[in-house]
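Hi,

Here is the structure I promised to pass on.

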Amino acid sequence: MERGKSFILIIEKGQEQKRQNDEELTRYNATGGYRMRDSKKFNYGMLLVLGFFMLMACESLNNPFLDDLPEATTENRSPDTHLFLEFAPDHIDTVLSDTTADTTFIVTRFLPDTSTSNQILYWWGEDPDGEVIAYQYRWNFEADWTTTTSETDTFLLPIKVIYDEFVFQVRAIDNDSLADPSPATLRFPITNSLPEIQFAQNSNPLVGSDPNVTHVTFPTRTFAWTMTDPDGAETISRVRYALDDTTNWHYLGGDVTSIKLTGIDAGYHTFFVQALDTAGAPSALLQFPDSTDNTTPNFWRVEEPQGEILIIDDYLNDNGSAHQFYTGLIDSIYGPNNYTLFVIGENEKALPLSQSDQAAMFGYFKTVFWYHFTQTPRLAIANLALRTYMENGGNIFVTTLYVNPGFAFTSIDSSFKFTTNDFLLGGFQVEVVNPMLSNPGYVLPDTLATKRTQTIPYPLFAYYPRTALEPGESVIDLFRLTDPSTDGLQSWTGHPSVGILYRPSPTAGQSVYFCLPLHLFVGNNNVVPLMDFILNEIFE
């Protein structure tokens, strides 16, 4: 019931009671004495007085259950904007806010006097008579405002000097397109952080327990590195490198992470590399070799390639006999020491780590002659580089017990073991096929054979070439198994391949993959003329 109506009802009830009291008083005077029929009715007179005063007292009090209505106005009120940085709770002592300027000051023992150029900011807005629909922000180096609906962003400040100060402003926009007239503001004193650089993992050879060894390469060497900067990778503007002389720098872009050096002079060298940021601050100087790094060789020497043949010795457990056979074989064909020998070892004596450097290493030669016998060969490491070398016109001769259909420099479909008891008796022969029937004047031996006293105590395999060839590819049998013996120790049908001649395209080089140990097939004394034919006639 409304208060005005309640007051009227109270007044009406009081007037009725007064009339009844007046009638009682008249009767009392007429009879000469006091007679009240109902003593409770006498109190109604007081109800009027008490009700009046109580109502007046209540009217003077504020009703706690009703909000005061705002004064009527037609003016739209602008939104307010707030801006903050995020810190761990234990790193903040006091946060002071200047409400008149919407500027926040952070007082902390742990926050340094300066910060990095990579900043994450947060903001929000409030509108007393509407809603915030967007924000606009800008830095003191920007003329225009950027509009966004997000309430956070990450900024990389373009610091160009060792120390600089940046001011950030953000303002809320409400649904009536009214902007906060006093944007929230933060000032950032920024000190430039130095970039950091290190050689990429596995880009340099490792050593065993003694770093006082020499890493030997040909005149091509690729160096790779990784870079970081606390101010953001985008602040790394340049990379500079030098070979031996740090007064003669060569400059690269800030996003370059490797360099391939070619035509390096023979001798000992040191490579230097350094990152530079937008303020011109350099990283620590990185170098290879580095005598303070006990995990890499202390010396790097470049050797000039010699001759047209690269012999790769991949026979780790050789007692010297295989080495003597193969180097003597090439000496017989090309003359003494008219070749380059690369003995694959561990750590600093391994193949180049970069596929590009492997291909460059092979590319110095007309033919790569790769021999292997026991244990796993390192052919898989050089697989793609050998394929690239072939496509560029290089030739490959491989002799190994290992057959892998995944090799890209030959064409093997599948293989099978042809030795029943994992060994081969002496006097074993393989058929030699002349792939150049158009030149019948060149006489080839019919077979290669092991000595009768020579057994091979290892499982041996033959293989089937791929028959589904790409256009331009060619595969020809060069060595095949002869008919199996009748003693039950040999079992196969037909004449499976143990050596094929493969060419990936008409303009590419060729490869011969002989899956038997050539240095043990000397029973007929005809290896030299056969290899002369392969290296100088087939590999023209």
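**Strand β12 and its partners**

Strand β12 runs antiparallel to strand β15 (residues 258-261), and 4 bridges join the two. Keep in mind that this is a predicted model. Within that pairing, Ala224 has Ser258 of β15 as its bridge partner. β12 also pairs with strand β10 (residues 196-199), again in the antiparallel sense and over 4 bridges; there, Thr228 of β12 stands opposite Glu196. As for burial, β12 (residues 221-228) is mostly covered, with 6 of its 8 residues buried.

**Val216**

Val216 sits in strand β11 (residues 214-217). Its relative accessible area is 27%, so it counts as partly exposed, the buried class being under 20%. What does it touch beyond its neighbours within four places in sequence? Arg301 and Glu303. Glu303 is 87 residues away from Val216 in sequence, yet their C-alpha atoms are 7.0 Å apart.

**Helix α3**

Helix α3 (residues 321-334) has 14 residues and spans 20 Å from first C-alpha to last, close to the 20 Å expected. Its buried residues are Ala322, Tyr326, Thr327, Leu329, Ile330, Ile333 and Tyr334. They cover an arc of only 150 degrees around the axis, so they lie on the same side of α3. Residues three or four places apart in an α-helix point the same way, because there are 3.6 residues a turn. The buried residues of α3 pack against β20 (309-313), β22 (367-371), β23 (395-399) and α6 (527-538), while Gln324 and Ser332 are exposed on the other side. Just after the helix, Gly335 takes a positive phi of about 100 degrees.

Cheers

Note on methods:
Residues numbered from 1 in each chain as written. Predicted model: local features only at pLDDT ≥ 70, side-chain atom pairs only at ≥ 80, totals over all residues. Heavy atoms only, no water. Buried < 20%, exposed > 50% of the residue type's maximum accessible area, 1.4 Å probe, protein only. Contact = heavy atoms within 4.5 Å. Pairing = 2+ DSSP bridges. Expected span 1.5 Å × (residues − 1). Arc of directions from axis to C-beta.
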